[in-house]
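The entries follow in the order I made them.

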Amino acid sequence: MSADPVFHAEALRSYVRSLILALKLPRSTADTMAESLVAANVRGVDSHGLQLLPFYIAQLEDGRVNGLETGAAVSESGAVMVYDGRNGLGQIVSEKCTDHAVRLAREHGLGCVVARESNHFGAAAWWAQRMSRQGVIGIVMCTASSTVAPWQGKDPRWGTNPICCSAPGRDGGGWLLDMATTTVAMGKIYRANILGNEEIPAGWAMDSEGLPTTSTQEALRGMLMPLGGYKGSGLALMVEMLCGVLSAGALSTELGGLRVKDRPFRVCQFFLAIDVSRFLPMEEFEERLRKLTGMAKSSSPAAGFDEVLVAGEPEWRTEAVRLREGVPVAAPLWNTLREIGSRLGVVAPEPVSGLP
Ligand SMILES: NC(=O)c1ccc[n+]([C@@H]2O[C@H](COP(=O)([O-])OP(=O)(O)OC[C@H]3O[C@@H](n4cnc5c(N)ncnc54)[C@H](O)[C@@H]3O)[C@@H](O)[C@H]2O)c1
């Protein structure tokens, strides 16, 4: 049995950069794609790292996404901006929107940018962290292709619509919650499929009739399970409202998808920056946040657990290990990426361990 190949993060970034450059896109775009995608792998969020690249490359090559487009502001009023992504890469649109949100927060205390006609931006955490690294609380949400039925329904009406909040502090994120409004993100079901796992854990998905299933294939044909039943369903609709309704962009089934070839994706995104220093000095904020997370962690662990964690900790721990020991890439995914590389004339890096 061959082990998954393991790479230094920089080798992966360099490979992604070269693949994007081979598509004749600007160096700045290649850098953004490489940094944001590999960051997800480094944090252990493998469902939103390199796994997305084959889909992004297919979208770019088919002309379903305009890799040269950076989008433009439609309006700016006080602390609020509406942005038209004009079908550019989600990462490039998000880079612009987060920077506008931070600028507006510096000017007004809060900055809120909503984007329409954007595309998949990967893990929400990267964009919320981009804001929290600049000393503001970053809140990010986005819409996604219809894979989730409203509670008590069986027809998909919205996506896994993630909600992310990153607070400034240690390593640019004193607390970092990044979660789909479904039990898990869709990428985890695709990952189970890539790895050839026939079964997924109970509670992740429903079949096409709306019945709970643990079959990976039934889940792929069916729908994801809303987080906590009707409450997750309500949160997903809130995300649709803040992203899609506010931006006057696509709603619900009007969205396409990463794998949908006959129409644009039309993702909507929401970026809120909160300037902490308007409320209290940053040092005091960090100290109070540390106190709060410390209070959470001071709880005695429940039976079966060694400790209490707060959001962000599992990924920071993985990040520390992967920066030290390297980043594993699932062998089937690596084969796909190498095939793309040889087609585009880009030489894949050698792993530091595991079989290539
Ligand atoms: N772009 C898109 O369309 C899209 C859509 C959905 C999800 N996503 C991304 O998918 C990724 C994965 O989402 P997910 O919901 O499967 O994440 P997850 O369930 O793995 O983690 C969700 C959150 O829970 C925290 N957490 C995990 N274990 C914990 C514990 N034991 N104690 C305390 N906190 C804990 C994590 O730190 C994280 O903040 C995210 O990066 C999200 O942005 C993207």
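I count a residue as buried if 20 or more other C-beta atoms lie within 10 Å of its own. The model I am reading is predicted. I looked up strand S11, residues 267–275, and found nine of its nine residues buried, so S11 is largely enclosed by the rest of the structure.

Next I noted the two faces. In a regular strand the side chains alternate between the two faces of the sheet. In S11, Val 267, Gln 269, Phe 271, Ala 273 and Asp 275 point one way. Cys 268, Phe 270, Leu 272 and Ile 274 point the other way. Residues on both sides are buried, Gln 269 and Asp 275 among them.

Entry 2, the partners of the strand. Which way does strand S4 run relative to S11? I found S4, residues 110–118, antiparallel to S11 and joined to it by seven bridges. In this pairing Leu 110 is opposite Ile 274 of S11. I then turned to strand S5, residues 136–142, which also runs antiparallel to S11, with seven bridges between them. Here I noted Met 141 opposite Phe 270 of S11.

Two packed helices are described by the angle between their axes and the distance between the axes. For helix H1 (residues 9–22) and helix H2 (residues 27–42) I wrote down an angle of about 140° and axes 8 Å apart. Angles over 145 degrees would count as roughly antiparallel, and H1 and H2 are therefore oblique to each other. Their crossing is right-handed.

I listed the contact as well. Residues of H1 in it include Leu 12, Val 16 and Ile 20, and those of H2 include Ala 30, Met 33 and Leu 37. By class, the residues of the contact between H1 and H2 are eleven nonpolar, two polar and five charged.

At what angle do helix H4 and helix H5 cross? I read roughly 30° for H4 (residues 90–108) and H5 (residues 124–132), whose axes come within 9 Å. That makes H4 roughly parallel to H5. The crossing of H4 and H5 is right-handed.

On the H4 side I noted Ser 94, Thr 98, Ala 101 and Val 102. On the H5 side the contact is made by Trp 127, Arg 130 and Met 131. Sorted by class, the contact of H4 with H5 holds four nonpolar, two polar and one charged residues.

Methods: Residues numbered from 1 in each chain as written. Predicted model: local features only at pLDDT ≥ 70, side-chain atom pairs only at ≥ 80, totals over all residues. Buried ≥ 20, exposed ≤ 12 C-beta atoms within 10 Å, placed from the backbone. Helix = DSSP H or I, 4+ residues; strand = E, 2+ residues; numbered from the N terminus. Pairing = 2+ DSSP bridges. Axes fitted to C-alpha atoms, helices over the stretch in contact; angles between N-to-C directions. Parallel < 35°, antiparallel > 145°, perpendicular 65-115°, else oblique. Left-handed = near helix turned anticlockwise from the far one by under 90°. Contact = placed C-beta atoms within 7 Å. Nonpolar A, V, L, I, M, F, W, Y, C, P; charged D, E, K, R; others polar.
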